[in-house]
Amino acid sequence: MSATSAPPNPESQDAPITLYRLQACPFCERVVRVLEELGLDYHSRFVEPLHSERDVVKRLVGARTVPAIVDEETGVAMAESANIVEYLETTYGDGGEA
Ligand SMILES: N[C@@H](CCC(=O)N[C@@H](CS)C(=O)NCC(=O)O)C(=O)O
């Protein structure tokens, strides 16, 4: 995790969190906002716009929708923006486990 004083780096190749996303996806932007609020570095991976070609996401989280995240720190991989937001806030927010 980064220090809270530095802005989060969305291009951090060695960050434990990878965010699979699409340009202009409002669900993805919601997750980005929370990552930024929590000051978490993450690695952005923009997926294929064509749903049927998102095998990498399907393999990781069992669904082809984005956003999806993989957190190597905790071994969690998940889709669904509301679940991701809840996970990030619970794990890395005030009073979180990490
Ligand atoms: N309920 C999902 C909706 C996500 C969603 O619809 N994402 C769009 C991109 S903005 C997507 O992946 N669409 C492809 C599809 O639905 O198959 C969430 O909140 O994460």
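**Strand pairing and ligand surroundings in a predicted model**

Good morning. Strand E1, residues 17–21, is joined to strand E3 by four bridges, and the two run antiparallel. Strands here are DSSP runs of E with at least two residues, helices are runs of H or I with at least four, and both are numbered from the N terminus. Two strands are taken as paired if DSSP finds at least two bridges between them.

A word on the source. This is a predicted model, in which local features need pLDDT of at least 70 and side-chain atom pairs count only at pLDDT 80 or more, whereas totals for chains, interfaces and linings use all residues. Residues are numbered from 1 along each chain as its sequence is written, and side-chain values use heavy atoms, with hydrogens and water left out.

Let me turn to the sheet. Tyr20 has Ala68 of E3 as its bridge partner, and Ala68 also stands opposite Ala79 in E4. Strand E4, residues 76–79, pairs with E3 in the antiparallel sense over four bridges. These two strands form a hairpin with four residues between them, and Gly75 in the turn has a positive phi of about 80°.

E1 also pairs with strand E2, residues 43–46, in the parallel sense, again over four bridges. There, Leu19 is partnered with Ser44. Together with helix H1, residues 26–37, E1 and E2 make a right-handed β-α-β unit; right-handed means that, with the strands pointing away from the viewer, the path from the first strand over the helix to the second runs clockwise.

In a regular strand, side chains alternate between the two faces of the sheet. E3, residues 68–71, is covered on both: Ala68 and Val70 are buried on one side, Ile69 and Asp71 on the other. Buried means under 20% relative accessible area, with a 1.4 Å probe and protein chains only.

Finally, the ligand. Among the residues around the ligand are Leu22, Phe27, Arg54 and Pro67, the criterion being a heavy atom within 4 Å. A polar side-chain atom of His51 lies 2.8 Å from a ligand oxygen. The side chain of Glu80 has an N or O atom 2.9 Å from a ligand nitrogen, and that of Ser81 has one 2.6 Å from a ligand oxygen. The protein covers 69% of the 500 Å² of accessible area that the ligand has on its own, by the Shrake-Rupley method with a 1.4 Å probe. Thank you.

Key: Polar contact = N/O pair within 3.5 Å; in protein donor to acceptor, adjacent residues only side chain to side chain. Buried < 20%, exposed > 50% of the residue type's maximum accessible area, 1.4 Å probe, protein only.
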